[in-house]
Amino acid sequence: MYRNAFELLAATILSAQSTDARVNMVTPALFKRYPDARALARAIPGELEPLILSTGFFRQKSKSLMGMAQRLVAEHRGEVPAEMDLLIALPGVGRKTANVVLGHALGVPGLPVDRHVLRVSNRIGIAEGDDPEKVEAQLCAALPKEMWTLASDVQILHGRRICKPKPLCDQCSVRDDCDYYRLVVSRGPDKVRAAGEKGAAGDKRRGRSSRRPGKNDARKVRAPRR
Ligand code: SF4
């Protein structure tokens, strides 16, 4: 829940190693006390930390939030910049957070890659590798810009609901297009066991050609069955 780019940026920083539900519990009081970057830049750690304590890693997050806000005030007149390079220069902000804010609050195409996107894209076969930045580049190359943010959202939802670490392939609407289903799951439980959850993506990658995703792979990213 956010009303502007500043709130989404702060909430996304808080979401590291936490859950959306937990973050949504703390943000109303947080943004009531610190409604904008100027207010947060002047925060006192002893007052800020109790407000975000339940999200975990509250001391580091407090530093990141205050540092982020101070930089916004010092360099961007208190506004959140709509450029990747400027966003990732802010304390506590990496590419994933920057892409979330760009895509959802600033109207700039961004493709956040979290653990769900990594898992789903590798399994389906539209990306290859464990490095979020490389997977982001592969997905962005395979999809038109206007689909980037939606593609991330869809894969995150799909990873949470269907393509979990132990995937629910029998309920999946994209299994006909999924390399992991074709090369591992459809070959039976022995193959699944052999692949193992951690090595599944790697086994799948080694089992298929070394082709890189192309434009036609965009068709594989479509809404999962809800
Ligand atoms: S078929 Fe299975 S492994 Fe492939 S995307 Fe669907 S749930 Fe994930």
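1. How do the axes of helix H8 and helix H9 cross, and within what distance do they come? In this predicted model, local features need pLDDT of at least 70, side-chain atom pairs count only at pLDDT 80 or more, and totals for chains, interfaces and linings use all residues. Residues are numbered from 1 along each chain as its sequence is written.

2. The axes of H8 (residues 115-124) and H9 (residues 132-142) come within 11 Å and cross at roughly 55°, which makes H8 oblique to H9 (angles under 35 degrees count as roughly parallel, over 145 as roughly antiparallel, 65 to 115 as roughly perpendicular and the rest as oblique). Helices here are DSSP runs of H or I with at least four residues, numbered from the N terminus.

3. Where the two helices touch, Val-117, Leu-118 and Ser-121 of H8 meet Pro-132, Val-135 and Leu-139 of H9, contact being C-beta atoms, placed from the backbone, that lie within 7 Å. The residues of this contact comprise five nonpolar, one polar and no charged.

4. Around the ligand there are 14 residues, of which Cys-163, Cys-169, Cys-172, Arg-175 and Cys-178 come nearest (a residue is near if its C-beta atom, placed from the backbone, lies within 6 Å). H8 gives the most to this shell, with three residues.

5. Ala-105, found in helix H7 (residues 95-105), counts as buried because it has 20 C-beta neighbours inside 10 Å (buried means 20 or more, exposed 12 or fewer, and partly exposed in between). Ala-105 lies 103 residues from Tyr-2 in sequence, yet the two are 9.0 Å apart in space, C-alpha to C-alpha.

How values were computed: Axes are lines fitted to C-alpha atoms, for helices over the stretch in contact, and angles run from 0 to 180 degrees between N-to-C directions. Ala, Val, Leu, Ile, Met, Phe, Trp, Tyr, Cys and Pro count as nonpolar, Asp, Glu, Lys and Arg as charged, and the others, Gly among them, as polar.
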